[in-house]
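Please look through the sequence and the structure shown below, and keep both in view while reading the report that follows.

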Amino acid sequence: MNEQKLANCHLTICLDMYGCPNRCKHCWLGTLPNQPLKDGYDEFIVNGFRRHFKKITFYSWLREPDFCPDYKNRWIKDNALSSVKPLRFELASFYKIARDPKYVGWLKEIGTKKVQLTFFGLEATTDEFVGRKGAYNELIKASEILKENGIEPRWQIFIYESNKDEIIELLKIADIMHIKEIFVHEGSCDGNNRNLYNIRINKNGIPGQIWPYYLNFPNILSERECIEKLIGDESHYLPRIGEEVTLYVTSDLNVYFNFTNPSPAWKIGNVKDDGIDAILSKIVEKDIPALRLAKTITFKELVKRYGDNNSDKVFSLDDYKMYLLNNYLAESFI
């Protein structure tokens, strides 16, 4: 892809301006620096890329949406900086729902119909995974507040071998609370969730009561089944840059694709140290360590090195491919 063709792509920039109140054990983004950015970096970054892209969507958050003092004007500014209007993705801050009585009213004003809330089991387990005491009660309270205001809460539940029995109990609570939308899944194996590989749910261990709620249950694969699909594959895993380009910018101004968790091998560059023109050049040339290293190893070799043929742990095939590649990058990129 050349620079002229890239200019016709839709660029989405997600800037971690205000950080996140949570330190989630499952977060596929890993543990990012949490210092707020000074005003002005949003305009500096967007204007720098605007010289190269006609279509830009800007978000001032990368993790918890609206986690800033003046979320109303922040959303107005995000829209003003965007040539293509940002979307809400049915996401909102449960931290603010539980604390700011005016926040849910504002969500309704901007057209929010549903809000996704994430659970990991019952109180102690959810608090542990979110990294903050009281998180479970805030999620329950947020669900009640949303329903009282005509916004439907949608529960996302992460399942592991360690919490699968609690999830059965959580589903009973959801029924009592008349939660209409629930989905359970294992999550990717990126970032912090990669550290939880040992407790990853086994395909044959998913309780039958959870099957109706499990995302795409008929098509889930065990690690063993993923290996069977890849064991003879001589191709390389090269995430494709298409007509939609999404960049994550952390608060230390490092820039990454949204393919996987921000890590040294996936770093494209730094806005301050390298400049936007240099970052654009690396995007065009696909000149980042992870993509260079990905060309040096096939799926056949990846599963031989990092796959466990005796494992019943659940993966989607794409998530497993990235899990294998990130194992290789962690070993090869220093």
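## Two loop residues with positive phi

Histidine 178 sits in the loop that runs between α8 (164-176) and β5 (181-185), in what is a predicted model. Although histidine 178 is not a glycine, its phi is positive, at about 60°. Its relative accessible area is 56%, and histidine 178 is therefore exposed, since the cut-off for that word is over 50%.

Asparagine 216 also deserves a look, and it is found in the loop between α9 (191-194) and β6 (221-222). Asparagine 216 has a positive phi of about 55°, and it is not a glycine either. With a relative accessibility of 48%, asparagine 216 counts as partly exposed.

## A buried histidine in a loop

Histidine 26 belongs to the loop between β1 (10-15) and α2. Its relative accessibility is 13%, so histidine 26 counts as buried, because buried means under 20%. When residues up to four places away in sequence are not counted, histidine 26 touches Phe120, Phe158, Tyr160, Asn192, Asn193 and Leu196.

## The two faces of helix α3

Helix α3 covers residues 71-81, and its buried residues are Tyr71, Arg74, Trp75, Asp78 and Leu81. When one looks down the axis of α3, these buried residues fall within an arc of 130°, which means that they line one face of the helix. Ile76 and Ala80, on the other side of α3, are exposed.

What lies over the buried residues of this helix? The elements that cover the buried residues of α3 include α2 (41-50), β2 (55-59), α4 (94-97) and α5 (101-109).

## Where α13 meets α14

Helix α13 (residues 299-306) packs against helix α14 (residues 317-332) at an angle of about 75°, and the two axes are 10 Å apart. That angle makes α13 roughly perpendicular to α14. On the α13 side the contact involves Phe299, Leu302, Val303, Arg305 and Tyr306, while α14 brings Tyr320, Lys321, Leu324, Leu325, Asn327, Tyr328 and Glu331. Sorted by class, the residues of this contact between α13 and α14 are eight nonpolar, one polar and three charged.

Two residues of this contact can be followed further. Tyrosine 306, in helix α13, counts as buried at 15% relative accessibility, and beyond its neighbours within four places in sequence it is in contact with Glu223, Leu324, Asn327, Tyr328 and Glu331. Leucine 325, in helix α14, is buried with a relative accessible area of 1%. Leaving out residues up to four places away in sequence, leucine 325 touches Tyr237, Trp266, Ala294 and Leu302. Leucine 325 is also 89 residues from histidine 236 in sequence, yet their C-alpha atoms are 9.5 Å apart in space.

## The nonpolar cores

The largest nonpolar core has 57 residues, and the members that touch the most other members are Ile13, Phe49, Leu247, Phe257, Trp266 and Tyr320. Helix α14 gives the most to this core, contributing seven residues. Which residues does isoleucine 13 touch, if those up to four places away in sequence are not counted? Isoleucine 13 touches Ile45, Val46, Phe49, Ile56, Thr57, Phe58, Tyr59, Leu247 and Val249.

There is also a second, separate core of 54 residues, and Cys27, Val104, Phe158 and Ile179 are among them.

Key
Residues are numbered from 1 along each chain as its sequence is written. This is a predicted model: local features need pLDDT of at least 70, side-chain atom pairs count only at pLDDT 80 or more; totals for chains, interfaces and linings use all residues. Side-chain values use heavy atoms; hydrogens and water are left out. Buried means under 20% relative accessible area, exposed over 50%, partly exposed in between (1.4 Å probe, protein chains only). Helices (H or I, at least four residues) and strands (E, at least two) are DSSP runs, numbered from the N terminus. The arc is that of the directions from the helix axis to the C-beta atoms. Contact means heavy atoms within 4.5 Å. Axes are lines fitted to C-alpha atoms, for helices over the stretch in contact, and angles run from 0 to 180 degrees between N-to-C directions. Angles under 35 degrees count as roughly parallel, over 145 as roughly antiparallel, 65 to 115 as roughly perpendicular and the rest as oblique. Ala, Val, Leu, Ile, Met, Phe, Trp, Tyr, Cys and Pro count as nonpolar, Asp, Glu, Lys and Arg as charged, and the others, Gly among them, as polar. A nonpolar core is a set of buried Ala, Val, Leu, Ile, Met, Phe, Trp, Tyr and Cys residues joined through side-chain atoms within 4.5 Å.
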